[in-house]
Protein chains: 2
Amino acid sequence: MQTLTVELEDRSYPINIGAGLLHQQSLLQAAVPARDILLVSNTTVAPLYAGAVREAFADRHVVEVILPDGEQHKSLGMAGRVFDVLVANRFGRDALVLALGGGVVGDLAGFVAACYQRGVDFVQVPTTLLAQVDSSVGGKTAVNHPGGKNLIGAFHQPRGVLADTDVLATLPERELQAGMAEIIKYGLICDRGFFAWLEKHIDAVRGREAQLLSQAIYRSCQIKAQIVGRDERERGDRALLNLGHTFGHAIEAATGYVEWLHGEAVGVGLLIAARLSQRLGGLTEQDVERVRQLLERAGLRTDAPRIGAARAASFMSADKKVQAGRVRLVLLRAIGEAYVTGDYPDAALQDTLQAQFGA
Amino acid sequence: MQTLTVELEDRSYPINIGAGLLHQQSLLQAAVPARDILLVSNTTVAPLYAGAVREAFADRHVVEVILPDGEQHKSLGMAGRVFDVLVANRFGRDALVLALGGGVVGDLAGFVAACYQRGVDFVQVPTTLLAQVDSSVGGKTAVNHPGGKNLIGAFHQPRGVLADTDVLATLPERELQAGMAEIIKYGLICDRGFFAWLEKHIDAVRGREAQLLSQAIYRSCQIKAQIVGRDERERGDRALLNLGHTFGHAIEAATGYVEWLHGEAVGVGLLIAARLSQRLGGLTEQDVERVRQLLERAGLRTDAPRIGAARAASFMSADKKVQAGRVRLVLLRAIGEAYVTGDYPDAALQDTLQAQFGA
C-alpha cells in the first residue's frame with residue numbers, strides 16, 4: 001500500500017492506494033470511525049464489492065442506498081432520494097457517508113454528505129480508474145443540471161480515500177479507457193516526463209499490468225493532491241485540472257449524459273484543447289499528433305461528435321468557467337505546461353469548434 | 001447607520017443597520033459588486049421593496065425570482081426551481097444572489113448561492129425583524145425536509161448584510177412578535193443586562209419606537225456576530241444560539257410548518273428550555289416566570305401545542321443536535337448563562353415534554 005496526503009491543514013486526509021485494500025478490515029474500520037454509515041453504491045458495483053464493506057462494518061449500523069448506474073442519474077432529484085434515506089433512518093451529524101463506486105456515486109454521495117445537516121463525514125472508496133485518479137480526490141462534489149454538468153455542488157473534502165487497485169480487474173474495458181484520459185491529462189498539464197512514460201507504457205497500463213497501473217494511479221493522485229493542496233477552492237492553479245473539461249462537458253451535455261462516458265468526452269476535449277493551442281502557436285503539429293496517438297492507443301475516441309459549433313459554444317458558456325461573460329479556457333504552451341486564460345482570439349475558438357463539432 | 005463586522009478572516013463581512021438603507025443607492029451598489037444579480041424575494045415583500053433594489057441596479061443585469069410566501073416553500077424542490085432560473089439565464093460564478101425578504105427567502109437563497117457552481121456571492125437584505133437579528137447573520141443556509149427543519153443546507157457566509165429598519169414599519173404585528181423571540185434568546189444566552197433592558201423596554205420595542213428597536217437589533221447582531229466569529233461551524237459555542245430551537249423545530253415540523261411561525265415556536269421553545277432548566281436546578285421558579293412574562297409581553301404564545309410528548313421527542317431526535325444517539329440540549333444555568341449538554345436525566349426531559357406537549 002502507498003499513501004499520499006492531501007495537505008489542507010485541519011482537513012488534510014490520506015489517499016491509500018494498493019491491492020486488496022477492501023479486504024483489510026482494520027484499515028476500513030480505522031478510516032470510518034462512525035457508528036451510523038450510509039453506504040452509497042450503484043447496481044453494478046454493489047453486487048461485487050458491497051459485501052466486503054458490510055463484513056468490515058458488521059458491528060456498525062450500515063444503511064445502503066443503491067443508485068441506478070449512469071451519469072444521467074447524478075441529479076438533484078436523486079440526491080433528494082438519498083436525503084430521504086438519511087432522514088428516514090434518523091442519521092445525525094455524526095453519521096458518515098461512504099461512497100463505493102465511480103465518479104457518479106462519489107460526486108453525488110459527496111454532495112449529499114456536504115449538505116446533510118450542513119455537512120457530515122464522508123469517505124471515498126473509488127472503484128473505477130477515473131474515480132481513483134481524479135474524482136475521488138480533492139473534495140469537488142456535485143450533481144448535474146439538465147443545462148450543464150456539475151452546476152450544483154459543494155467543496156467538501158472526504159476524510160479519506162481508499163483506492164483498491166484489485167477492483168479494476170472487473171472494470172469494463174471502456175471504463176478503463178475513460179480513466180486513461182484523466183491520467184493523460186496530468187501529463188499534459190504539468191509533467192512531460194510522465195507523458196513520455198505513458199507513451200512508453202500505455203499498452204501495459206491498458207493491459208492492467210498491476211505494477212505499472214499502480215504507478216500511473218499513484219503519480220496521477222500525487223499531481224492532483226499537490227494542486228488541490230495549493231488551491232482547494234479553484235481560485236487559481238486548480239483550474240488547470242479542467243484541461244479538456246469545458247469541451248468535454250459540452251459533449252456530455254449535448255448528448256444527454258448517456259452516449260459518452262465522462263472520460264471519453266474529456267479525452268476528445270484534451271485533443272480539442274491541443275488543437276486550439278496549436279492554432280494559437282503553443283503546440284506544434286507534432287505535439288498534437290503525440291496527444292492524438294496516445295489517446296488512440298489508450299483506446300479513446302479522438303473524433304468529436306457533430307453536435308455543431310453553436311451548440312457546443314452554448315453549452316460551454318453555461319459551464320462553470322465563465323468570468324465576466326467570457327469562457328476561461330485551459331490551453332497548452334507545451335506538453336507538460338498548461339495555462340488558464342480568458343484572453344484568446346474568438347475567431348480561433350470559433351474555427352476550432354467548427355472544425356471539431358461541425359457548423 | 002451603525003456597522004458591525006462578523007470577523008471571519010478573509011470571509012469577514014459588515015452588517016449595516018439603519019433607517020432608509022434601501023434608498024441609499026451608493027451603499028447598495030458598493031455592497032453588490034456583480035454585474036449579474038439574481039434577486040430572490042417573495043410575493044409579500046417584492047411589491048413593497050423590490051422596486052428600490054431594481055432602481056439601485058438599473059445598469060446591471062437583474063433577474064428576479066419571486067417565491068410564494070411561507071416556511072412550507074423552503075424546500076429542496078423550490079431550490080431546484082431557483083437553480084433552473086440561474087442556469088436558464090446562464091449566470092456564471094461571478095453572479096451574485098441577493099436575498100430580499102425574511103428567513104425563508106434568506107435561507108433558501110443562501111443555500112442556492114452556496115451550491116450554484118459550488119458557491120457564488122450572496123448579499124442579505126433582511127426585511128423581517130427575525131431575519132435582521134438572526135437568520136441573515138452567520139452564514140447558516142438551508143432548506144427544510146418533510147422530516148425536519150433545515151436538514152439540507154450549507155455554511156455560506158454572505159458578503160454583506162443590509163438591515164434597513166424602516167422596512168419593519170410594514171411588518172405584520174405577528175411577524176414582529178416572532179422576531180422578539182430571537183431577541184429575548186440573546187439575553188437569555190449570555191447577557192442578563194440585555195434581558196433586564198428588554199424587560200424595561202419591551203412595550204416600546206413592540207411599539208416600534210425607532211431608537212429602541214434599533215438598539216435591540218444592534219445588540220442582537222452584536223452578540224450573534226461575536227459567537228459566529230468564535231465558532232463559525234458550530235463545533236462549540238455557536239450551539240448556544242440554538243436555545244429553544246430543538247423544541248421549536250419539533251413544534252414547526254409537527255404542525256407542518258404552516259401553523260406556527262418559526263419565532264413563535266422558538267418563543268415557546270425558550271420557555272420549555274427554561275422549565276427543563278428549572279427541573280434540573282438551574283433556574284428558579286421566579287426566573288421561569290420572568291421568561292414567561294417577557295414572552296407574553298412580547299405578544300408571543302407561551303403554551304405549547306398538544307402534539308404529544310412522543311411525537312415531539314421523535315422530531316427532536318431527527319433534528320441536527322443528535323450526537324451518539326443523544327439529543328444535545330441548550331439549557332440555562334441562570335438568565336444570561338446558557339450551556340450545551342447531552343448529559344441530563346432522560347426522565348426530566350420526558351416529564352417536561354409530557355407536561356408541555358401532552359402524553
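This is a predicted model: local features need pLDDT of at least 70, side-chain atom pairs count only at pLDDT 80 or more; totals for chains, interfaces and linings use all residues.
Reader: What rotation and shift superpose chain A on chain B?

Author: A 180° rotation does it, with 0.0 Å of shift along the axis and an RMSD of 0.0 Å. The two copies are thus related as by a two-fold rotation axis. Residues are numbered from 1 along each chain as its sequence is written, and chains are lettered from A and ligands numbered from 1 in the order in which they are written.

Reader: How do you know which surface of each copy is used in the contact?

Author: Residues are in contact if their C-beta atoms, placed from the backbone, lie within 7 Å. Of the interface residues of chain A, 97% are also interface residues in chain B, so the copies meet through the same surface. The contact takes 30 residues from chain A and 29 from chain B. On the side of chain A that touches chain B, strand 8 gives the most, with six residues. By class, that side has 15 nonpolar, nine polar and six charged residues. Here Ala, Val, Leu, Ile, Met, Phe, Trp, Tyr, Cys and Pro count as nonpolar, Asp, Glu, Lys and Arg as charged, and the others, Gly among them, as polar.

Reader: What makes strand 1 and strand 4 of chain A edge strands?

Author: Happy to walk through it! Strands are DSSP runs of E of at least two residues, and helices are runs of H or I of at least four, numbered from the N terminus. Two strands pair if DSSP finds at least two bridges between them. In chain A, seven strands form an open sheet in the order 1-2-9-6-5-3-4, with mixed pairing. Strand 1 and strand 4 (61-67) of chain A each have a single partner strand, so one side of each is left without a neighbour in the sheet.

Reader: Why do strand 1 and strand 2 of chain A count as a pair?

Author: They share five bridges, in the antiparallel sense, and the cut-off is at least two, so they count as a pair. Thr3(A), for instance, has Asn16(A) in strand 2 of chain A as its bridge partner. In chain B, strand 6 (121-126) and strand 9 (160-164) pair in the parallel sense over two bridges.

Reader: What angle does helix 8 of chain A make with strand 1 of chain A?

Author: Helix 8 (210-230) of chain A runs at about 15° to strand 1, and lies across strand 1, strand 2 and strand 9 of chain A. Axes are lines fitted to C-alpha atoms, for helices over the stretch in contact, and angles run from 0 to 180 degrees between N-to-C directions. By contrast, helix 4 of chain A runs at about 170° to strand 5 (96-101) of chain A.

Reader: Is Cys190(B) called buried, partly exposed or exposed, and what decides that?

Author: Counting other C-beta atoms, placed from the backbone, within 10 Å of its own, a residue is buried with 20 or more, exposed with 12 or fewer, and partly exposed in between. Cys190(B) has 19, so it is partly exposed. Cys190(B) is found in helix 6 (173-190) of chain B. Leaving aside residues up to four places away in sequence, Cys190(B) touches Ile223(B), Gly336(B) and Ala338(B).

Methods: Two residues are in contact if their C-beta atoms, placed from the backbone, lie within 7 Å. Copies are superposed by least squares on the C-alpha atoms of residues with pLDDT of at least 70 in both.
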